[in-house]
Amino acid sequence: MMSSESDRKSADNSVNFCVSDSDEKYKIVNELITMCMNNIEHYTTDKSFAGTRLCFNFEKLKDYLDKSVPVIKEIEEFAPYYDYDENTPGNGYRSFVFIFECALKYSMKTCQYITENRASLLFRKNLYLKELDVCTQMIESLYQICADLIKMHENSDQGNLYSKEYSHDNLITRSAKVTNQTCFYGRSVGFQFVDSMKSILKFLSVTLACFSEAYFSNGFKFMRTTNYFLKHPSYFMDPEMCARRIINVSHNADVKFCKSFWMLGENKLMHALPRLVGYQVDVNRVFKIPPEPLEIFSKKLNKMISIPIPHSHIGRQPVSCRLLCATRRRGMVGERSAQNLAEPSKHLIIHTHGGGWLATSSKSHEFYLREWASRLDIPIISIDYALCPKAPFPRGLEDVFYTYCWILKNCELLGTTAENVVFCGDSAGANLNTSCIIKCIEMGVPLPKGIFNAYSPFLVNFASTPARFLTLVDPLVPYGFIMRIFKCYGASKPFDNTESVDDIDESLKDESFTDVKDEKEFSALMSPDSSKCLEIVWQKVKHSTETPDWHSNLNSIEENSTEDPISPLIYRSDSIFEPNVVDETDDDDGDCLEMKISQRKDERDCDQKEDEVVKDEHKEYVENFVKKYESNDFNKDNDSVNINDKPNALKVRLNSRTFSEDNIVVDVSKESMSPQGLLNSAVSGIKSMIDGATNEEEHNDNNNNNNEKHADTLKRNYAFTEKKQTNEIPKAAEDEFVFSVPRNYLMSPFLASDDILKQFPKINILTTIVDPCLDDCIEFSKKLKKLNVDVELDIVGALNHGFLNFSNVSKECHDASMLCLKRIVKLLDMDKDIE
């Protein structure tokens, strides 16, 4: 149901989209036509090259303005029939009317300057000739797109934004081949967005062009890195060259390039920024949930149900999650023996990040998550699901669904009672959350209280919508990138190493230990056997003959406050932990304690024979660990945790309640960083950014052996001796977009049956008027509304797709982030005012 009128009025008018006055738009058109006629008359007598070109462009601009007016008026007439309701104006047709108005204002500014300054001696005709070229091309291209939109309207069911074309050769694909897109990516880039985002989008466009230079160039790594930095000034000074490069990249670059570019934000320099300028939180920890058998009780079915273990494409692997909270709460991981803890919250936000199922992580979304956690003071857990291209559909959904079920079973470890749980996600993450709801309904898993989706795609296929035409003018999500993502996520064939959920992989028993045997990850392995081994070896360290009672004190871990050198582990029968716990420090953050938490003991079914098989291996590892502890050298390879050098920043607590919570690395002053640490983060971040663009292994087939890789690298590095260095982008195959995407309702929630959708919890969907996923959000909201689902739709102003990630640098993006938070608070039924 739509929100009440009073609630709608209370929303920020500066954030929500409002339809502009048509009279104002056509007044601008008339003024532009008048200026064009005036300048045509002025430059008719100018026989110079620049004067002749200016005259020609003004004539061309006038002609396309005359052609565009009736087309825009026709779209304005039928566009309201596609709105969600009369209180929520917005759809892909209205989007292009809005963009046309933005192009008019941009052209008006250029023409007005030319008219007022053309007689000045300082007037640079060649420069403003380029500006006028862009204006003319923009109006021409928008006219062509709007003409295609009218065709789409004529071939669609009235009120349905999805066209009847589901093949790769659809109207958008055909339009992309003939429409001049260069004018949208050069000096006018971001003209349709709010002012605060324009300079940022220009910087990102130049970065994309420069990154492609380094990514596709050959020669030594030093030469490629130099090329990367030297190209920045060139692309800033020549926007048209930058635009041509971006168009070339979007048409021809493969999905690996898309992933590499979007992952530039996943470097240590960017990871350090939230701690410097973001909101401060007391809890910011990463933990991994191992792929173990899991059962939860279903009230709907009145029985215990088994939850499928994530297994598709890459086999069984732990799911990484990030826990953020403004205050430490009782029962929370890492806080079991701390004093003066807050009571567990009854609220919980489960967040799933966007990134096209291909890139980013909970860390790159930490800016706005920190603010949300600080303002609400409730736990937020963000899921790092497996990414494409290694893990296409349905692996991401499997990870999210399994993690949600694990949270329901172990909510006390997150400092919450999970009475009120809300799903929150943006873009691809919101798609996964919606699919997870469908999976919960099918399997009888308890549903969350509500779900909040931001700019999410709900139909992953070639269906044309007016809003998807926006990919032809959007610098962040160009059409070529979107099609390759759909192909990578939905049309990829599964790898050969898939396994059945019902099969018990013998290697799974040791999986929790295979990735922690590096000496830098000095973690205690505490399976039922390794805990025995650790205690036995510790007794040897104490030179004691005392034998512990394994039957009475095996299951728990608590802090020992004595100062004598006794075992850091004391087992009690009242633990909430299964002894199989693994901790490790987060490589990217000094403020994160990374741990792998297994299921409780009563959820395991390991017989005595299996215990004997793994005992020797665990015993050997634990013996090595204790030797390191005796010699106090297990920090030699990790300068950041040397407690002698930095006693106030990091501490390794040896007399701890658990190895899994304190005995690895605990950052006591999580939010403080030394100048030297900042410098190291900056240097490391710049290095990782360069490596992302110049790493030769990204261009090699993973199936080649080492000798082939070495030979190929040498050949590429010395290519400059035989020919000039090239940075040309390999041309994409003509049939690259000839593929089919399965019509699967778990991939495309819009395709789910009415019987499933009508069981949805309360849902709030938010998108922007210039978002390529706008029509997906509108059509899904319409479908839920017809089924009497409590749904609320917000359409905000001219913000880009992924605006949440820019909330710290743009006021408008931050205002929209606060609107998102208001909607989440409403779903949680919290008595909280968000200003």
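The protein contains 23 helices and 14 strands, where helices (H or I, at least four residues) and strands (E, at least two) are DSSP runs numbered from the N terminus. This is a predicted model, in which local features need pLDDT of at least 70 and side-chain atom pairs count only at pLDDT 80 or more, while totals for chains, interfaces and linings use all residues. Residues are numbered from 1 along each chain as its sequence is written, and side-chain values use heavy atoms, with hydrogens and water left out. Of the 835 residues in the protein, 57% are buried, buried meaning under 20% relative accessible area, exposed over 50% and partly exposed in between (1.4 Å probe, protein chains only).

The structure holds 28 salt bridges, each being a side-chain nitrogen of Lys or Arg within 4 Å of a carboxyl oxygen of Asp or Glu. One of them joins Asp46 and Lys125, whose closest N and O atoms are 2.8 Å apart. This pair links distant parts of the chain, since Asp46 lies in the loop between α2 (22-43) and α3 (49-78) and Lys125 in helix α5 (residues 125-154), 79 residues apart.

Another salt bridge, between Glu101 and Lys105, spans 3.8 Å from N to O. Both residues belong to helix α4 (residues 92-117), where Glu101 and Lys105 are 4 residues apart, about one turn of the helix. Glu101 is buried, with a relative accessible area of 4%, whereas Lys105 is partly exposed at 43%.
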